[in-house]
Amino acid sequence: MSTTESAAVIAVRRWVDLMVVGLNLCPFARTEVVNKRVHFIETETRSEVQLLETLAAELTLLAETPAIETTLLVHPQVLKDFADYNQFLDEVDALLQGMQLDGELQVASFHPDYQFAGTEPDDAENFTNRAPFPVLHILREASIEDRLLSLIHISEPTRLGMISY
């Protein structure tokens, strides 16, 4: 974390604290935020090509830096239109494959106008992926799998206790 963060990073940090952690939209986020293992970074790039280059650098950094658990790449100057942003995610997937990081890292998407397919713009489910600025969220797949398994193990006794003989 730099000592002087941009307004966009501050807004995204606040969104993570209040919405993602505060509303428990992601059950894994609190631990990483508290342990300061979330890397927030803004890029001022204005083109999709530059954004892909910045994303590639951040993918490499995360892959090579175990102390960072996850990265939120905030890009307020490019892909402001959600349709363009959504289309760009195909290029993100191709980048992961080209860097041979698919299966190791994945990129989740957040946008101020996020809209899941088959929904209306104001449908409640869209708000889980709405951030104050466009964000590419890089995650470690092994960490997701580990945490999902731990949730299954935690909930198993509860489910077993509900079974009557």
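## Salt-bridge network

Glu 32, Arg 37 and Glu 69 are joined in a network of salt bridges. The model is predicted. Arg 37 pairs with Glu 32, with the closest N and O atoms 2.9 Å apart. Arg 37 also meets Glu 69, at 2.6 Å from N to O. Arg 37 sits in the loop between helix 2 and strand 1, and Glu 69 in the loop between helix 3 (48–64) and strand 2, so this pair ties together parts that are 32 residues apart in sequence.

Glu 32 counts as buried because its relative accessibility is 6%. Glu 69, at 7%, is buried too. Arg 37 reaches 24% and is therefore partly exposed.

## The other salt bridge

The structure holds three salt bridges. One of them links the side chains of Arg 13 and Glu 5, at 2.8 Å from N to O. Glu 5 is partly exposed, with 22% relative accessibility.

## Largest pocket

The largest pocket has a volume of about 490 Å³. It is lined by 25 residues, and Val 20, Cys 26, Ala 29, His 137 and Leu 139 are the closest to its centre. Elements giving two or more residues to the lining include helix 1 (7–21), helix 2 (29–34), strand 4 (135–140) and helix 5 (141–161). Strands 1, 2 and 3 also belong to that group.

By class, the lining comprises 15 nonpolar, six polar and four charged residues.

## Nonpolar surface patch

Leu 18, Met 19, Leu 23 and Leu 25 form a nonpolar patch on the surface. Together they have about 350 Å² of accessible area. Leu 23 lies in the loop between helix 1 and helix 2. Its relative accessibility is 53%, so Leu 23 counts as exposed.

Methods:
Residues numbered from 1 in each chain as written. Predicted model: local features only at pLDDT ≥ 70, side-chain atom pairs only at ≥ 80, totals over all residues. Heavy atoms only, no water. 1 Å grid on protein atoms, 1.4 Å probe; cavity = no way out; pocket = protein on both sides within 12 Å on 5 of 7 lines; lining within 4 Å. Points joined across faces, edges and corners; volume = space filled by probe spheres on them. Helix = DSSP H or I, 4+ residues; strand = E, 2+ residues; numbered from the N terminus. Nonpolar A, V, L, I, M, F, W, Y, C, P; charged D, E, K, R; others polar. Patch = residues over 30% accessible without salt bridge, like charges linked within 9 Å, V, L, I, M, F, W, Y side chains within 5 Å. Areas by Shrake-Rupley, 256 points an atom, 1.4 Å probe, with all protein chains shown as cover. Salt bridge = Lys/Arg side-chain N within 4 Å of Asp/Glu carboxyl O. Buried < 20%, exposed > 50% of the residue type's maximum accessible area, 1.4 Å probe, protein only.
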